[in-house]
Amino acid sequence: MSEAGIVISQVSKTFGQQKVLDGVDLRIARGEQRVILGKSGQGKSVMLKLIVGLLKPDRGSILVDGEDVPGLSRRGLFRLRRRFAMVFQGGALFDSMTVGENVALALREHTSLEEDEVTERARSALSQVGLGGSYDKMPAELSGGMRKRAGIARAIVTRPDYLLYDEPTTGLDPISSDAINHLILRLDRELGVTSVVVTHDMTSAWTVGERFALLNDGRIVFDGSKEEAQATTDGPMRQFIDGSSEGPLQAF
Ligand SMILES: Nc1ncnc2c1ncn2[C@@H]1O[C@H](COP(=O)(O)OP(=O)(O)OP(=O)(O)O)[C@@H](O)[C@H]1O
Ligand SMILES: [Mg+2]
């Protein structure tokens with residue numbers, strides 16, 4: 001029987017002359033709350049795009065619930081993406097549509113629900129993230145934190161099995177960040193999703209993560225539980241946790 005969850009084996013990805021991923025191995029079990037850490041530019045967003053099939057690896061395999069993502073047909077990819085939702089780094093809302101329409105769009109694209117049901121579910125997703133009153137607002141009228149929450153509403157409205165968050169707290173004040181972290185935790189519990197949170201914010205990581213991976217120089221250089229991460233005394237994971245420019249991780 002095929003393994004449930006995401007299994008990344010020996011994945012490499014190069015853009016032009018730049019080798020971004022160089023033999024990445026990582027397993028994310030169903031129901032896990034996984035955090036992927038790494039300095040800026042190490043390929044964290046690229047990894048998320050590989051998982052959902054937005055990019056193809058040069059080498060290696062990516063299995064989701066036993067299905068080989070790079071090998072999927074267009075139809076297969078479309079089916080796979082219905083089980084995934086991605087919360088993009090900047091929220092990625094369409095500025096010309098209301099917040100409610102942005103959320104409803106995901107349902108219009110992926111389901112054949114009746115109009116009433118689409119609106120009802122979009123409203124309900126917005127209230128789950130505390131934006132019950134913002135259906136008719138334009139994205140430009142929202143603060144950064146509200147845009148992130150609207151992005152989360154758009155992700156959960158299709159009721160995915162996997163929720164991938166790309167830097168959900170970057171650029172937010174500590175209070176709004178904490179609210180987003182607790183929202184992620186609550187959604188994990190309420191929706192029973194497998195979540196993958198890419199971040200370099202350790203406060204966020206400790207709040208939302210149960211397993212941690214650190215991506216550096218194209219490879220996973222740490223993979224372990226929260227307790228194992230907390231207990232590391234040296235090496236790249238300890239340096240990353242402490243936010244020190246001295247150690248095996250190069251600042252530039
Ligand atoms: N489509 C692309 N074409 C060319 N280069 C790309 C592409 N996507 C990513 N890269 C390069 O790959 C590297 C990793 O990018 P990525 O966005 O995954 O970093 P990141 O770890 O998410 O960083 P950050 O924390 O700043 O978001 C960068 O050097 C980037 O320029
Ligand atoms: Mg990124």
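In the predicted model, Val 64 stands opposite Glu 67 of strand β5. This pair belongs to the antiparallel pairing of β4 with β5 (residues 67-68), which extends over two bridges. The two strands form a hairpin with two residues between them, and Asp 65, located in the turn, has a positive phi of about 45 degrees.

Strand β4 (residues 59-64) is also joined to strand β1 (residues 6-15). These strands run antiparallel and are connected by five bridges. Within this pairing, Ile 62 in β4 is the bridge partner of Ile 8.

The surroundings of ligand 1 were examined next. The shell comprises Phe 15, Gln 18, Val 20, Gly 38, Ser 40, Gly 41, Gln 42, Gly 43, Lys 44, Ser 45, Val 46 and His 200. Strand β2 (18-28) and helix α1 (44-51) each supply at least two of the shell residues. The largest share, three residues, comes from α1. Classified by side chain, the shell around ligand 1 contains eight polar, three nonpolar and one charged residues.

Attention then turned to the nonpolar interior. In soluble globular proteins, nonpolar side chains tend to be buried together. The largest nonpolar core of the model has 61 residues, and the members that touch the most others are Met 47, Val 103, Ala 153 and Leu 164. When residues up to four places away in sequence are not counted, Leu 164 touches Leu 48, Ile 51, Val 52, Phe 84, Met 86, Val 87 and Val 196.

Notes: Residues are numbered from 1 along each chain as its sequence is written. Chains are lettered from A and ligands numbered from 1 in the order in which they are written. This is a predicted model: local features need pLDDT of at least 70, side-chain atom pairs count only at pLDDT 80 or more; totals for chains, interfaces and linings use all residues. Two strands pair if DSSP finds at least two bridges between them. Helices (H or I, at least four residues) and strands (E, at least two) are DSSP runs, numbered from the N terminus. A residue is near a molecule or strand if its C-beta atom, placed from the backbone, lies within 6 Å of it. Ala, Val, Leu, Ile, Met, Phe, Trp, Tyr, Cys and Pro count as nonpolar, Asp, Glu, Lys and Arg as charged, and the others, Gly among them, as polar. A nonpolar core is a set of buried Ala, Val, Leu, Ile, Met, Phe, Trp, Tyr and Cys residues joined through C-beta atoms within 7 Å. A residue is buried if 20 or more other C-beta atoms lie within 10 Å of its own, exposed if 12 or fewer, and partly exposed in between; C-beta atoms are placed from the backbone. Two residues are in contact if their C-beta atoms, placed from the backbone, lie within 7 Å.
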